[in-house]
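Me: I have a model open and want to learn how to read it. Can you take me through a few features?

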Amino acid sequence: ASGCNIRDKHAGVLGALGGLQTLVLRDNGLGPEGLWELVQGCSQLTVLDVTGNEKLGGRGGDACAATVRHTSANQHLQLVRG
């Protein structure tokens, strides 16, 4: 779902797809709140690529990575931020 203008308000819909294992969300408008909601719902994720989501960049990106580590039920989730 790269480049599809996915934002925080869409995260709930994606989070309802609990069986997803890999999700590529490059170049969208996802922010920290949406990332948190998405990770909460998609407990089977092993790879989540959020490269190019400017709202997750910089120091906020480090906070998001920490959030993913602490909220994910799946300890094997790899967060790709490019």
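Reply: Start with burial. A residue is buried under 20% relative accessible area, exposed over 50%, and partly exposed in between. Keep in mind that this model is predicted.

Me: Why does Gly57 count as partly exposed?

Reply: Its relative accessibility is 38%, so Gly57 falls in the middle class.

Me: Where is Gly57 found?

Reply: Gly57 sits in the loop that runs between strand S2 (47-49) and helix H3 (58-71). Gly57 and Pro32 are 25 residues apart in sequence, and their C-alpha atoms are 9.8 Å apart in space.

Me: Now Asn28. Is Asn28 buried or exposed?

Reply: Buried, because its relative accessible area is 10%. Asn28 also belongs to a loop, the one between strand S1 (22-24) and helix H2 (32-41).

Me: Which backbone atoms lie by polar atoms of the Asn28 side chain?

Reply: Look for N and O pairs within 3.5 Å. The backbone nitrogen of Ile6 is 2.9 Å from a polar atom of that Asn28 side chain. The backbone oxygen of Leu25 is 3.1 Å from a polar atom of the Asn28 side chain.

Me: What else is Asn28 in contact with, leaving aside neighbours within four places in sequence?

Reply: Among its contacts are Ala1, Ser2, Gly3 and Cys4, and also Gly52, Asn53 and Glu54.

Me: And the cysteines? How many disulfides are there?

Reply: The test is two cysteine sulfur atoms within 2.5 Å. The count is zero.

Technical notes: Residues numbered from 1 in each chain as written. Predicted model: local features only at pLDDT ≥ 70, side-chain atom pairs only at ≥ 80, totals over all residues. Heavy atoms only, no water. Helix = DSSP H or I, 4+ residues; strand = E, 2+ residues; numbered from the N terminus. Buried < 20%, exposed > 50% of the residue type's maximum accessible area, 1.4 Å probe, protein only. Polar contact = N/O pair within 3.5 Å; in protein donor to acceptor, adjacent residues only side chain to side chain. Contact = heavy atoms within 4.5 Å.
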